[in-house]
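Please examine the sequence and the model shown below before reading on. The paragraphs that follow lead through the cavity, the sheet, a pocket and one of the helices in turn.

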Amino acid sequence: IAQKIINPDQYPFGKRKYTIPAPKSTKKALSKEQLKILFETEPKTQDQRRAKAFWFFSYACNGMNIKDIACLQYKNIDGDILQFRRAKTSNTNSSQAPVIVYLNEYTKSVIDIYGNRIKSPDQYVFSIIDHKSAPEERHRQLKNFIRYINQHFGSFAQELGIEEHVSSYWARHSFATQAIRNGASMEYVSEALSHSNLTTTRNYFAGFEDEKKKEISKKMMEF
């Protein structure tokens, strides 16, 4: 259309034309109580223990995507600060600001336990994928690791009575929801998730729990 090759009337989307259906909003965030149970319970197997470590690493690092975790290098870490650019937007938005995460004792312990012993700047923190492999092979390795987390952390959650099919992506939604429920602004969470707009962030928020709603309602009359 911009190059005058076709007429704007041929564009199929817009007012009184085809409307892309909005996706159904599905709750993908764990409650505070569920997170507490999962975090404080010791898994039975080594696989569950490793899957749990990376799931909570993602959760504690602003809901970091597993691909971004796989691409972390030691040069991204400066003391307590972890700084990186999302792999999802690195080739599409060069102006996107880097994501900054403040490492806590837990995330540092995951790096100590599962991180590579060689800590040169260009060394990848975790041996999740072989970065010297062909792109197709790296993609397969990443998918296998995500499947590994989903399988073993999912079974761990079900053993603890959590009926939802918890996957690695739930860590991102759970971070957003818990941050907002703990008082963080939507703008802060949007920046932490490296979203380009607040609408996307709102889709990650699972809403306030009933007890929080009651608390807000009571305080409305405290003048």
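By class, the lining of the largest cavity comprises six nonpolar, three polar and three charged residues. In this classification Ala, Val, Leu, Ile, Met, Phe, Trp, Tyr, Cys and Pro count as nonpolar, Asp, Glu, Lys and Arg as charged, and the others, Gly among them, as polar. The model is predicted: local features need pLDDT of at least 70 and side-chain atom pairs count only at pLDDT 80 or more, while totals for chains, interfaces and linings use all residues. Residues are numbered from 1 along each chain as its sequence is written, and side-chain values use heavy atoms, with hydrogens and water left out.

The structure holds one cavity of 30 Å³ or more, and the volume of the largest cavity is about 40 Å³. On a 1 Å grid over the protein atoms alone, a cavity is a set of points where a 1.4 Å probe fits but cannot get out; a pocket is an open set with protein on both sides within 12 Å along at least five of seven lines, and lining residues have an atom within 4 Å of a point. Grid points are joined across faces, edges and corners, and a volume is the space filled by probe spheres set on the points. Among the residues lining the largest cavity are Asn62, Phe84, Val99 and Ala192.

The secondary structure of the chain amounts to nine helices and three strands. Helices (H or I, at least four residues) and strands (E, at least two) are DSSP runs, numbered from the N terminus. Along the sequence they follow the pattern α-α-α-β-β-β-α-α-α-α-α-α.

The three strands form an open sheet in the order β1-β2-β3, with antiparallel pairing. Strands β1 and β3 stand at the edges, each with a single partner strand, so one side of each is left without a neighbour in the sheet. Two strands pair if DSSP finds at least two bridges between them. Two bridges join β1 (residues 77–78) to β2, and Asp78 has Ile81 in β2 as its bridge partner. In the hairpin of β1 and β2, which has two residues between the strands, Gly79 takes a positive phi near 65 degrees. Four bridges join β2 to β3 (residues 99–102); here the bridge partner of Leu82 in β3 is Val101.

Buried means under 20% relative accessible area, exposed over 50%, and partly exposed in between (1.4 Å probe, protein chains only). Buried residues make up 38% of the 223 residues in the chain.

Asn62 lies in the loop between α2 (46–60) and α3 (66–70). Although Asn62 is not a glycine, it has a positive phi of about 60 degrees. Asn62 is buried, with a relative accessible area of 8%. Lys4, in the segment before α1 (32–40), has a positive phi of about 65 degrees and is not a glycine either. Lys4 counts as exposed, at 73% relative accessibility.

Asn62 also belongs to the lining of the largest pocket, where 15 residues take part and Asn62, Val99, Ile100, Glu191 and Ala192 lie nearest the centre. The elements that give two or more residues to this lining are β3 and α7 (186–192). The largest pocket has a volume of about 310 Å³, and its lining divides into nine nonpolar residues, five polar and one charged.

Which residues of helix α4 (residues 105–114) are buried? They are Thr107, Val110 and Ile111. Seen down the axis of α4, these buried residues fall within an arc of 95 degrees (taken from the directions from the helix axis to the C-beta atoms), so they line one face of the helix. The buried residues of α4 pack against α2 and β1, whereas the face turned away from the buried side carries the exposed residues Glu105 and Ile113.

A contact means heavy atoms within 4.5 Å. Among contacts in the chain between residues at least 6 apart in sequence, 59% join residues at least 24 apart.
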